[in-house]
Amino acid sequence: MKLLTCRFQGKEIVAVLTPDERHMIPLSDLGYQYETMNDLIRQSSPLVLQEIRRTALQWPAAVELQEVQLMAPIPHPVRDIVCMGLNYRAHADEMSAALKERPTERIWPIFFGKAVDYCRGTGEDIPSHSDFISTLDYECELGAILWKDARKVPPEKVSEYIFGYTILNDITGRELSRHKQNYFMKSLDGSCPLGPWIVTADEISYPPQLAIRLSVNGEPRQNGNTRDMIFDITQIVSELSRGMTLPAGTIIATGSPTGIGFGMDPPVFLKDGDVVTCEIEGIGVLVNTVRDI
Ligand code: MG
């Protein structure tokens, strides 16, 4: 089942996407009063999701997606995005080459946080920040969303903690990585496009093995598969939750495959008018345009 957030009749609502992917049904029409996706995540059980799916399939009235404004499925995450650095071998190698450093062994996961003003949905613009940087870059990533508060979760239980998956574009201001700091370079306003919706975890085999692609103005740049993560979702959640509670609704950006603009020779960065299209098999397509705004 695909769940979305949109603006409809002047209000932000949570809705179910119909199987044709061209219509949506507000959850409130089905009798579910969740104000936000985070409420749904926190308060729903597998049984409730089954009921929503069953009711939605028989529901006679649906609204055309064209009549609503899609938003990020979670516009306001419950906490900073949990990000993985250099979590695909080929991407780690391209970063080493771009930085003229020797490739290092990836023995330990690299975790960092990405602060978010609010997540942009598909169709929304990405600010270029061209008034102070010239190295805006993209990273297409699988976003995994936690269903329950995760604390000391053993590896064999991690899959039960996943509510669903979405696409996340980890927009990055490369030149702000002074002294290898991630926080500022990853946390620019508008740097977390998310969407177009959430696919519930029951629809994707675990661990996810999904084709992941990104193009700029139709030119293919990234083309990988989520099976190639160095540290998978099980390792990420079991390791972090040993020492910190990850609340329900936490979004984990699981890392970027190779093919970033910084890794090209010469490097090519995003500019006003560029259309960035992220696609993950079984989830959908997230499209955003970079703008000098
Ligand atoms: Mg990233």
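1. Glu139 and Glu141 are both buried (buried means under 20% relative accessible area, exposed over 50%, and partly exposed in between, with a 1.4 Å probe and protein chains only). The model is predicted: local features need pLDDT of at least 70, side-chain atom pairs count only at pLDDT 80 or more, and totals for chains, interfaces and linings use all residues. Residues are numbered from 1 along each chain as its sequence is written, and side-chain values use heavy atoms, with hydrogens and water left out.

2. A disulfide is counted when a pair of cysteine sulfur atoms lies within 2.5 Å, and the count here is zero. Cys83 is in no disulfide, and its nearest cysteine sulfur, that of Cys192, is 7.3 Å away. Cys278 is in no disulfide either; for this residue the nearest cysteine sulfur belongs to Cys140, 4.0 Å away. Cys83 counts as buried because its relative accessibility is 0%.

3. Strand S6 covers residues 81–85, and five of its five residues are buried. Helices (H or I, at least four residues) and strands (E, at least two) are DSSP runs, numbered from the N terminus. In a regular strand the side chains alternate between the two faces of the sheet. In S6, Ile81, Cys83 and Gly85 point one way, while Val82 and Met84 point the other way.

4. Which strands does S6 pair with? Two strands pair if DSSP finds at least two bridges between them. S6 runs antiparallel to S7 (residues 110–114), with five bridges, and parallel to S16 (residues 251–253), with two bridges. Val82 stands opposite Gly113 in S7, and its bridge partner in S16 is Ile252.

5. The largest pocket has a volume of about 570 Å³. On a 1 Å grid over the protein atoms alone, a pocket is an open set of points where a 1.4 Å probe fits, with protein on both sides within 12 Å along at least five of seven lines; lining residues have an atom within 4 Å of a point. The volume is the space filled by probe spheres set on the points, which are joined across faces, edges and corners. Of the 30 lining residues, Leu86, Met95, Leu99, Lys180 and Asn182 are the closest to the centre. H3 gives the largest share of the lining, five residues.
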